[in-house]
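Dear colleague,

Please find the structure below, handed over for your own work. My notes on what was found in it follow directly after.

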Amino acid sequence: MNAFFEGLGLQPFWGSILIILFITSIAGIIFLILDSRFRKKLKNAIASPEKMEEFRNSWPPEKLVWRSRRMEKLAEVWGGSIVQETGLAPLWTKRLKANPRIRYAKRVLKFCPEQDSFTVFIASQLNSRIEPVFLKWIEETGEARGFRILATSCRGELFDGKTALSQIGNHIESLRELTGDQEWYSRYFAYQIILHDQDQKSKRASWDGFMDSHPLIRKTLAEGFHTDKKEKLYKQLWELVIEDPVYEVRRTAKTRILNDFRELYTPATGKLTGIPALRVLQLLEKDTPEDSNIAMKFLQDSDLELRYPAAIFLESAGVLDNLLLNASLDDGDELDRNWKLLQKAMEVNVSSFLNRIDSSSSPGALLVAARLLKKKGNRRILTPTAASIFNFFKSRELTPGLKDIYLTLLEGIEKRGDDSSLLKLKDELNCRRENPAFLELLIPRIPSRGDALFLPLLLDFLKTDSFPSRDILLKTLKKFSPELLLPSLFEILDSSRKIYTHRIRISALHLLNELKLPYCLQSILENLPVLPREEAGKFAAILNAYPGVQFEKKVKALLKTPDSQIRSSIISILPGTENRNFMTEVRAALKDPDPDVRISAIITLLEFGEIQLLNQETSMLRDPVQRVRIETARVIGKHGIPAALTVLEEILSDKNEVYPVKSAAIAGLGASDTPRSLKILTDLLDSNDRMNRDLIAALTNRTSNKDLDQLVKIFIEAPPSLREKLIIVFKAQEKNTEPVILNLLTPKLSPLKPYISKILDSTGFTEKTIRKLSNRNSALRLQAAEVLSRLESKSAYRGLVLAARDPDQEIRVLVVKALEKLTTPEGAEILESLKEDPNRRIRKYTLWAMERIRALALD
Amino acid sequence: MENAERILVERGTENEELVKAVLILSRESDYNILAEIIVKLSLDITGSDLAAIYLINDLENNKKSYNLKYSRGGNTLPDKWRRDSELVPFIEECREAVIVMSPDSPGSCNPFCEALLHCKMNSGIVLPIFGRETLLGLLFVNSRKYEFYNRSRFRFLDSFTKLAGELLGNSIYIKKIENRLKRLEARKEYNEGIFTSLPDLILILNRDGSLYFFNEAAAQCIGLSESDLKTSIDELLKKSFSRETGEDIISALCNNEKSASFEGIYKNHQTGIDYRLNISPLCSRNGEREGTTLFFTTQTRELEK
């Protein structure tokens, strides 16, 4: 190379320089050519959108960015739009965001401030060198216009308003003006900054901002506005919660309240109704007790639209679960309250809480679940509920306190049970086949839709002689289709007596009669001897449902048969049918050789009211067969007219009459419902000691209200000896007599009090009332305590003292009064302990009692 | 046995005192005197030092207070007991007597110490007085001695106030009846005064048509006297009116017309009266017809005017 330069007469150094210059020139020429081409292409691209597309393909922004300076120059000549159209400006903005450098900031502010000045603003917060550039731009553009451009490019983006305030706080006036701008983003930009400003004007502007038409502004203020006027801000936020139509704003306001104004958060839900209430309910927070209270209040609201969110909230917060699981039989009021609340939730179809019942064995929870499922809720839950309840009763009896659980469940299954719950019911029924208490509840609740499932089991019960609840069984079987029952019924009636006992046959006949099938009438009538006489009346009433002509024809034919049992049975049922077409045959039967036919005839004639037969009635009291005499006496006593009763009275005082006849007459008088018969019995009781047992037994049957009233009147007027005897009657009448006797506990009849107490003590009423003192229902306990205090007997007072620890102060007061009357050492001990009772009223009563006892002890 | 005998003797004595006391009480029916006797007897028979009776003046008023009616043995007793005191509401609720055996019960301040009406009194008893189930007042009986009120005194006072209460109740009831009777008599006189002072003639007939009442104007004009009372209207009309008028009036009465009016001239021995007669039924409160009113308006006087 040196030789070449030397050949040209140049020194190597200058040769090198020359070469460099040459190359540079060439490169320059190439650059100029390329630049010329670039400019040409760009020019064409500006002119035509198609060309611009081509240009962009050959000069994508990533490539073009290397010519940013050139582009700046060209943009100055050709207009700033070329940086936008070529996609260079967005790339500058992108790079500025990624790397906040001053040159990009300048370019952005120069060529695309409307679009991206906000990016520069944000970059200025990250790079302090950009800040002067940005501020200079603001100044150059003019404050008002600059901020408006900035706000436009912001477009509702979130930024750090506090830092922004430190940057452009000098221009706060312009920013405040911006809060009145028509465009929401301008206002939003301004509010983000001024809400941090402590100037009163800014504060005022911020307060106004709560009423801004754009939700983002209201939300921003709700989130970030601070002031010394805490209560005012709290009220403003609460106003947003209940009035703002935008959920996001309401949510933000509520969150702010819970975060910063917890101590002020005591919502007055009493005044809340309609839409504001609904908005409050949408924003409830699980861990906020106030919110739980609100939800609980609206759970009871009649407006279902309000109740629904309240129920949803309470369910998600587990409150409904707790209401169900915490329900306790020990506190009846609370149980009812929980049940009613849960029922309210179920009325808006919120019922998932019931799924928790399978994990509970609490009787209170089971009762509430059963009550709820009886009316509503997912019927599939009935099966686990049934399993829990049946399991609960495996080792328990149906006590009055628990019976309701079982019964409510059964009613629920009967009404709404699905196949699976019916299957559970069947299993339970089978398990309880020997337990009448359970059967009485179970059998009536078998739904007729479950015939295929239950009928085989029920027919098995029917064919079991020892089955205890036969009447209920028959009532239930009647609900099923006859085609399913008849084969089994005829099998029973047609079989030998060795196979099916008398009891089973009676049941089958009753059921067949109840089905009222005309084509079975003959079989029914021929099987009548199966029935005991006392059941004939009830049985015959159903026979009225059969066609009259057919019935009469068959009866006439059967009355002519030689079989005395059939004739006697047919005559017995006639009064029940009220068919008087057989009177001739019945009168003739009074002279039938068979005593049973004669008895049936006299009973039938009397029940038909054939009073002209008085002589025959009384003559039959002299029948040679004692059985006939007894039945006649009984029948006259029960149905006889006054003249016949007089005859009976004479027989009772006849020394020559045998005891069984007299006893039967007394029994008959006992079965009568006439005041005269009662008078005869009580007079006899007063004057006669020999028949006391029969008389007392007869009077014991007189438990109708009318009879009891008369008995009580007799008791009040009676001499002491009769009173003592009547006490035995009242005792034997047990609970029937209790309400009437209790009515005698009035001040006017206070001399009778010892008698009344004696009766009620002996019927077990006092004990029963004492037991009520442990009932979960406080009203019932108070009622029991009041009754006991009115009784004023030692046993009543002793029972009452057991309630010394009752939570109800009214009951404790009655206890103290009882203790004052008792004056026993135990009582004194209890009084001593009641002196320390937390309730002042009780302490006063205790002192009152103690002072009285003290005085009474002094001679 | 001895104890039972002692109780019987004791009760016998108590009953004897009680019977004597009630006998004295039952001779009186005046409310104020009864109150005085109750105080005196309860003080004397029990040997207490102070007794006072506070009675409710206005039983119908809900804001009632118990005013001192009579007392013995103390000069500075409260005039009234308000229902907001501690003692009174308790007795109203408890409806039983309250005993204070000593001013301060052991261990605590006695809430019933208001029962002792004077600082020198050391035991006392307050008894509610019920008449016909209504609380009428309170009887305070105090003694200077501690634990003065033993079984017999307590039982006597308890029974005595119960009986005395009923007598007081009866006395109020009698007083009420007397007052009502007086009011009725006053009203009757007032009504009669109105009728008498009327210048128009009023005749009131019974349901059977006999004369029940006539006013002064009627007496003077028609010449009626006490002896005409219960006289049949037919005879009265015959005596005083023309046959036609009499028949018209009878016809109106017989037809039970609700109201009818006639005009005519009645001539007595002195002068003639131009009258207008209104007949209207006299009905009881329940609408039942009890008689008839004949109202004669004298038009002569009006015409003269």
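Please bear in mind that this is a predicted model.

I begin with the cysteines. Cys113(B) has a relative accessibility of 35% and therefore counts as partly exposed, as the value falls between the 20% and 50% cut-offs. Cys431(A), at 59%, is over the 50% cut-off and so counts as exposed. A disulfide is a covalent bond that joins the sulfur atoms of two cysteines. The search of the whole structure, over all chains, returned zero disulfides.

Next, the nonpolar cores. The largest one comprises 300 residues. Within this core, the residues with the most contacts are Phe189(A), Tyr406(A), Leu429(A), Leu477(A), Leu525(A) and Leu726(A). Apart from neighbours within four places in sequence, Phe189(A) touches several residues, among them Phe118(A), Phe121(A), Phe147(A), Leu150(A), Cys154(A) and Leu178(A). There is also a second, separate core of 35 residues, which includes Val39(B), Leu41(B), Leu136(B) and Ile172(B).

Helix α54 of chain A (residues 840–857) packs with helix α3 of chain B (residues 87–94) at an angle of about 75 degrees, and the axes lie 12 Å apart. Because this angle falls within 65 to 115 degrees, α54(A) is roughly perpendicular to α3(B). On the α54(A) side, the contact is made by Arg841(A), Lys844(A), Tyr845(A) and Trp848(A); they meet Phe90(B), Glu93(B) and Cys94(B) of α3(B). Sorted by class, this contact has four nonpolar and three charged residues, with no polar ones.

With kind regards

Terms used
Residues are numbered from 1 along each chain as its sequence is written. Chains are lettered from A and ligands numbered from 1 in the order in which they are written. This is a predicted model: local features need pLDDT of at least 70, side-chain atom pairs count only at pLDDT 80 or more; totals for chains, interfaces and linings use all residues. Side-chain values use heavy atoms; hydrogens and water are left out. A disulfide is a pair of cysteine sulfur atoms within 2.5 Å. Buried means under 20% relative accessible area, exposed over 50%, partly exposed in between (1.4 Å probe, protein chains only). A nonpolar core is a set of buried Ala, Val, Leu, Ile, Met, Phe, Trp, Tyr and Cys residues joined through side-chain atoms within 4.5 Å. Contact means heavy atoms within 4.5 Å. Axes are lines fitted to C-alpha atoms, for helices over the stretch in contact, and angles run from 0 to 180 degrees between N-to-C directions. Helices (H or I, at least four residues) and strands (E, at least two) are DSSP runs, numbered from the N terminus. Angles under 35 degrees count as roughly parallel, over 145 as roughly antiparallel, 65 to 115 as roughly perpendicular and the rest as oblique. Ala, Val, Leu, Ile, Met, Phe, Trp, Tyr, Cys and Pro count as nonpolar, Asp, Glu, Lys and Arg as charged, and the others, Gly among them, as polar.
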